Amino acid sequence: MRLSARTWVLVAALLLLAAVPPLTALAQQPFYVDLFRRIMIFAIAALSLNLIMGYGGMVSFGHAAYLGVGAYAVGILGHYGIHDGWLQWGLAAGASALVAAAIGSISIRTSGIYFIMITLAFTQMLYYLGISIEEFGGDDGMRLGQRSQFGGLVDLAEPVSFYYVVLGILLVFLVLGHRIVHSRFGRVIQAARSNEPRTRAIGFSPYPYRLAAFVIAGAMCGLAGALLVNHTVFLTPEFMNWTRSGELMFMVILGGMSTTVGPLLGAAGFLLLEEMLKNRGLLPAWVYEHWELYFGLVLVFVVLFAKRGLASLIPSSGKAGGD
Amino acid sequence: MILVIEQTLNGLQLGVMLFLMAAGLTLVFGIMNLVNLAHGSLYMVGAYLTTFFYQQTGSFALGVLLGLAGTLVVGIVVELVALRTLYARDHLDQVLATFGLILFFNELVAILWGRTAIYASLPPALTGHVELFANLRYPLYRLLIIGIGLAVAVALWYVVARTRLGMLIRAGASNRTMVAALGVNIRLLYTIVFGFGAALAGLAGLLSGPIYVVQPGMGELILIQVFVVIVIGGIGSIRGAFAGALIVGMVDTMGRAFLKPMLATVLSPSAADTAGPALASMLIYLLMAGVLAFRPEGLFPSRGS
């Protein structure tokens, strides 16, 4: 089997990620374990968004909702003294899937601008819900007493083990995402994106397929939320802030929509750029103090002129579109 | 009873404010098919410019005039430089590019005027209260906002329904290719409509300055409420924007004022204390979900394609 250039890049990127902990241990820069773990967590979230936005054509402007639901599922169980990881992560994915089913069942009835704004508004609703429930910290958020416990299996408090857990989940989701996209189910979703009337004409009603994809993406992103709260050990309603949804969309675009490797490249590009612009040692004060100004301009520039994303820089073997 | 009337007026005031924002945004949606998140930034620019010019000149009227003109200019520049290339793009590109503009504008304002909220004062002539009838004294300034909002609504209706420009706007909303084919300069029309919407957003921003806070990011809070208004009213429809704005203004204000005491009659006080504010802040989104479940195109869908 000949592998395409993009697959090689993906394999190289994963090998590189696997090599981060020993390399940083050599260089004595533990900060980078933290940074790349965050990159991988956001890559999982972006990957789930790519599934519905890239392949399904559903421009969800509320994907941060599931990060929040997943994080709160872990946080709330922890709040009541339940630290069992299987239970916490299971609830995170399950609750996110349920919320996605509720939001999706109404949103998918609409399309275009309506869909964008409805997903945004529902997320905003959850955001205000998070702010107004004082029991779980309200506006200030709450600390996670301890990270999810997996018996003696793995200790998430140990940064490197946690790092490899995240890498493992990323790997599983990359494979899972690839399998979904290339299954019959995935073909129907892509068909509905490119031509809805024809899809109907050959006998598929797009609604249940889209809803199923929406729920799967929600559950995946919920698990990313559970990872994120274990990463930060703190959660606030800001997890669900609408700017977070915008950032996830940007990661997908930056990396290259409708590609397997795109979300990973996008999350890495986004967070590394942010880290770089904020870096005090690297850049003069007028940059790092107002890094969002430049970040905004980069965003506009990428959307206007580099729409196909980082993945398009990799030479692909003739065939345009997905790999 | 006094409280109910007072809250009704508050709801009306929020409603007309939302309408000023929604009118411009819905026209831009309807005619150019553009999702413009940066509409909230124009609201912010209006508030800042007016406060700035009022402080510099010492005259409120002059401050308002310069603030409005300034927002108009900023809006037109943004349209010419960035948004014009976005009309032909899909919604995703529009959302992301205008999201980038929001980051840019928030940070630019923070550089120029600082990150902390600035105080937008009113001239002494507008700070008083009016005694509407016995026991009800209502702030003059809020009444003024209601008056201006309603006047703008009437003026907008006149322009859109009775003038040549309005005719072109309506034609552009239903079939822009045909309008262009008939020899209308559609680019110029777009710029005019956008500038118009920007000025209205600026007006909403400068009016809101003295009641709410003037700070970077102030536009986003109202922007999302305005989205709800437009979705409820139906995209592209001024009439829908007006109805949606009043409904959302009323529901939001009433929910915040009366939901907690109403829940306290059926729930325990502590449960009502938690559920009341939570439900109140979610109310307009629930309303929107309800409307969409029955009418996915909104209450007053525009007849264009």
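The legends below describe close-up views of a predicted model. Residues are numbered from 1 along each chain as its sequence is written, chains are lettered from A, and ligands are numbered from 1, in the order in which they are written. In this predicted model, local features need pLDDT of at least 70 and side-chain atom pairs count only at pLDDT 80 or more, while totals for chains, interfaces and linings use all residues.

**View 1. Chain A as a whole.** The C-alpha atoms of chain A fill a box of roughly 55 × 45 × 45 Å along the principal axes.

**View 2. Helix 9 of chain A.** Helix 9 covers residues 206-232 of chain A, 27 residues in total. From first C-alpha to last it reaches 38 Å, close to the expected 39 Å, where the expected span is 1.5 Å times one less than the number of residues. Of its 27 residues, 20 are buried, so helix 9 of chain A is largely enclosed by the rest of the structure. A residue is buried if 20 or more other C-beta atoms, placed from the backbone, lie within 10 Å of its own, exposed if 12 or fewer, and partly exposed in between. Just after the helix, V233(A) takes a positive phi of about 55 degrees.

**View 3. The contact of chain A with chain B.** Chain A gives 37 residues to the contact and chain B gives 35; two residues are in contact if their C-beta atoms, placed from the backbone, lie within 7 Å. On the side of chain A, the largest share, 14 residues, comes from helix 5.

**View 4. Helix 4 of chain B.** Helix 4 of chain B, residues 91-113, has 23 residues and reaches 32 Å, close to the expected 33 Å. G114(B), just after this helix, has a positive phi of about 90 degrees.

View 5. Strand 1 (residues 129-133) and strand 2 (residues 136-139) of chain B pair in the antiparallel sense over four bridges; pairing requires at least two DSSP bridges. V130(B) has Y138(B) as its bridge partner. Two residues lie between the strands, and N135(B) in the turn has a positive phi of about 70 degrees.
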